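Welcome! Have a look at the display below, then read on.

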Amino acid sequence: MTTALVTGASSGIGAATARALSAAGHVVIAAARRLEALEELCASLDGPALAVAMDVTDPASVTRGLEEARPFAEAHGGISWLVNNAGAAESAPVGKTDDALTERMLEVNFHGARRLTEALAPVMVEAGGGAVVNVASSAGLHGYAYVTAYCAAKHALVGYSRAAAAELGEKGVRISLVCPHYVDTPMTDASAQRLAEKTGKSEEELRAFFASQNPGGRLVTAGEVAGTILELLSEGESGSLVELDGSGDLPGGE
Ligand SMILES: NC(=O)c1ccc[n+]([C@@H]2O[C@H](COP(=O)([O-])OP(=O)(O)OC[C@H]3O[C@@H](n4cnc5c(N)ncnc54)[C@H](OP(=O)(O)O)[C@@H]3O)[C@@H](O)[C@H]2O)c1
């Protein structure tokens, strides 16, 4: 039984990861901005779980959230696993990607994960070991049109994670990455909705288009990403990277 902090646990991949961790007998600290959704999730889990309000883009909120979680975490052996999953994707063409949009993307997709890793990895080293999984994206490895800021932020997260993995692996803390292509979550629904408004196409057509862009020809499921995260937390080399593209069978898929 290990205690894991999952950010962005109020929805999609984060909620699926919290459920998978709990089902495997682990203790969950679920963090995001929407406390009510987190409380609902935690109430639905069989094992010990705590909901913590946290905005990963706000250093004071991160510190407050970690302080709030401390007694619960200490009662369960301390936080040994961290899943940096909170993220958001905004789109705009080159020429319209201004400083504010770029900062928003960097804050939530890169600095949020960096901030929590900086706070918790040294504690894990001190405690004798731990594991961090950062949820990047295929946009952290490849370039896509109309999302320069999102791609830049996810590339930054990949670079930070690779360097941290090299540094901390020998100190007993493994840092790994999951890089999914399009996943069937509210984030993809929102992208389909935004694009439908712009193009006049139906949301269903656009979801089918997103699925066709994945090398496997279908959307990855949140359960598949969660299963992969659980595997990476449990075992493997520091610096492992799994790219999920909708081809093949993966653990936790449904
Ligand atoms: N969906 C995809 O196709 C896809 C593909 C590759 C990678 N990813 C990545 O996977 C991760 C999860 O995405 P998802 O698809 O599960 O999307 P989602 O359903 O929209 O979930 C995003 C989560 O991030 C949280 N979040 C957003 N801003 C936050 C902030 N400032 N502080 C704390 N939490 C915040 C949201 O919670 P609150 O609103 O309650 O704060 C929510 O729980 C993201 O990092 C995303 O970039 C997604």
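## The ligand and its contacts

An N or O atom in the side chain of Lys 154 sits 2.9 Å from an oxygen atom of the ligand. Keep in mind as you look around that this is a predicted model. How much of the ligand does the protein bury? Taken alone, the ligand exposes 880 Å², and the protein buries 93% of that.

A polar backbone atom of Gly 8 is 3.0 Å from an oxygen atom of the ligand, and a backbone N or O atom of Ile 13 lies 2.8 Å from an oxygen atom of the ligand.

## Who lines the shell

There are 31 residues around the ligand, and those that come nearest are Ser 11, Arg 33, Tyr 150, Val 183 and Thr 185. Sorted by class, the shell holds 15 nonpolar residues, 12 polar ones and 4 charged ones.

Which elements give two or more residues to this shell? They are helix H1 (12–23), helix H4 (99–127), helix H5 (148–168) and helix H6 (186–199). H6 gives the most, with 3 residues. Two domains also share in the shell: domain 1 (3–88 + 104–180 + 221–239) and domain 2 (181–219) each supply at least three residues.

## The chain as a whole

Stepping back, you can find 8 helices and 7 strands in the protein chain. Its radius of gyration is 17 Å, close to the 18 Å that the globule rule gives for 254 residues, so the chain is as compact as a globular protein of that length.

The C-alpha trace spans about 55 × 35 × 35 Å along its principal axes. Of the 254 residues in the chain, 49% are buried.

## Two residues in loops

Where is Tyr 146 found? Its place is the loop between strand E5 (130–135) and H5. Most residues other than glycine have a negative phi. Tyr 146, however, has a positive phi of about 70 degrees although it is not a glycine. Tyr 146 is also exposed, because its relative accessible area of 56% is over the 50% cut-off.

Glu 90 belongs to another loop, the one between strand E4 (79–84) and H4. With a relative accessibility of 27%, Glu 90 counts as partly exposed. Glu 90 and Ser 11 are 79 residues apart along the chain, and their C-alpha atoms are separated by 17 Å.

## Two residues in helices

Now for Thr 228, which lies in helix H8 (residues 222–234). Is Thr 228 buried or exposed? Thr 228 counts as buried, because its relative accessibility is 4% and the cut-off for buried is under 20%. The side chain of Thr 228 reaches the backbone oxygen of Glu 224 at 2.9 Å.

The last stop is Ala 121, in helix H4. Ala 121 is buried too, with a relative accessible area of 4%. Between Ala 121 and Leu 241 there are 18 Å in space, C-alpha to C-alpha, and the two are 120 residues apart in sequence.

Technical notes: Residues are numbered from 1 along each chain as its sequence is written. This is a predicted model: local features need pLDDT of at least 70, side-chain atom pairs count only at pLDDT 80 or more; totals for chains, interfaces and linings use all residues. Side-chain values use heavy atoms; hydrogens and water are left out. A residue is near a molecule or strand if one of its heavy atoms lies within 4 Å of it. A polar contact is a pair of N or O atoms within 3.5 Å; within protein, one must be able to donate a hydrogen and the other to accept it, and residues adjacent in sequence count only if both atoms are side-chain atoms. Accessible areas come from the Shrake-Rupley method with a 1.4 Å probe; for residues, only the protein chains shown count as cover. Helices (H or I, at least four residues) and strands (E, at least two) are DSSP runs, numbered from the N terminus. Ala, Val, Leu, Ile, Met, Phe, Trp, Tyr, Cys and Pro count as nonpolar, Asp, Glu, Lys and Arg as charged, and the others, Gly among them, as polar. Domain bounds come from an automatic or database domain assignment. The radius of gyration is taken over C-alpha atoms; the globule rule is 2.2 Å times the number of residues to the power 0.38. Buried means under 20% relative accessible area, exposed over 50%, partly exposed in between (1.4 Å probe, protein chains only).
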